[in-house]
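These are my notes from a first look at a structure that is new to me.

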Amino acid sequence: RQPAMVHHASLDELSDELFSCVAGFLPPADLLRFQCVYRRTAALPTDSSCWRDLCIRRWRNQPRFALTPERERWLEANQPLSWQRRYFFFESDARRTIISDFELQFLCWYMNFTPQAGGQGMKSVRRVRFRDGALTDVPGFPPLNYTLDPP
């Protein structure tokens, strides 16, 4: 009896869809390696799909970076970077410990104003603003002055 013939597929025989499917399951470091291994994987449209999905999964629970429709429109208009570059830009930005006065004034800030730790969920969270050296819109308080220490 003869052993059954086994056909070994080469990478060239695999479809782009299969490569893209595999890439979709990889963490960022492995996705970078995957794109470097073979000329076809480097040319796949993983930038628009895989890296965008990684951005969504990575920052979905972090309001500062969560990819809302409004934020995505802003990114397209103001940061014409690839999704891969955006991913690594926001990774490094998330590790920052210094904030500029511009960011302080123009980011959306939500604070909890209850005496109990943890507050009352969204019922006790209020949007506040930092404008012209004062924290404003704090319920029951006049504008509170602030200063930023130089870095």
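Predicted model: local features only at pLDDT ≥ 70, side-chain atom pairs only at ≥ 80, totals over all residues.

What volume does the largest cavity have? I looked it up and got about 60 Å³. Residues are numbered from 1 along each chain as its sequence is written, and side-chain values use heavy atoms, with hydrogens and water left out.

**Entry 1, cavity.** I searched the whole structure and found one cavity of 30 Å³ or more. A cavity here is a set of points on a 1 Å grid over the protein atoms alone where a 1.4 Å probe fits but cannot get out, and lining residues have an atom within 4 Å of a point. Grid points are joined across faces, edges and corners, and a volume is the space filled by probe spheres set on the points. Among the residues that line the largest cavity I noted Trp 59, Arg 71, Trp 83, Arg 86 and Phe 90. Helix H4 (46–59), H5 and H6 each give two or more residues to this lining, and H6 gives the most, with three. Helices are DSSP runs (H or I, at least four residues) and strands are too (E, at least two), numbered from the N terminus. By class I counted seven nonpolar, no polar and two charged residues in the cavity lining. Nonpolar covers Ala, Val, Leu, Ile, Met, Phe, Trp, Tyr, Cys and Pro, charged covers Asp, Glu, Lys and Arg, and the others, Gly among them, are polar.

A pocket is an open set with protein on both sides within 12 Å along at least five of seven lines.

I found nine aromatic pairs; rings of Phe, Tyr and Trp (its six-membered ring) pair if their centres lie within 6.5 Å, and planes under 30 degrees apart count as stacked, over 60 as edge-to-face and the rest as tilted. Trp 51 and Phe 88 have ring centres 5.5 Å apart and planes at 55°, so I logged the pair as tilted. Trp 51 lies in helix H4 and Phe 88 in helix H6, so the pair ties together parts 37 residues apart in sequence. Is Trp 51 buried or exposed? Trp 51 is buried, at 0% relative accessibility, while Phe 88 is partly exposed at 36%. Buried means under 20% relative accessible area, exposed over 50%, partly exposed in between (1.4 Å probe, protein chains only). Arg 86 lies over the face of Trp 83, at 4.5 Å from the ring centre; the test is NZ of Lys or CZ of Arg within 6 Å of the ring centre and within 35 degrees of the ring normal.

I found eight salt bridges in the whole structure, each a side-chain nitrogen of Lys or Arg within 4 Å of a carboxyl oxygen of Asp or Glu. One joins Arg 33 and Asp 30 at 2.6 Å, N to O. Both are in helix H2 (residues 28–37), three residues and about one helical turn apart. Arg 33 is exposed at 52%, and Asp 30 is partly exposed at 32%.
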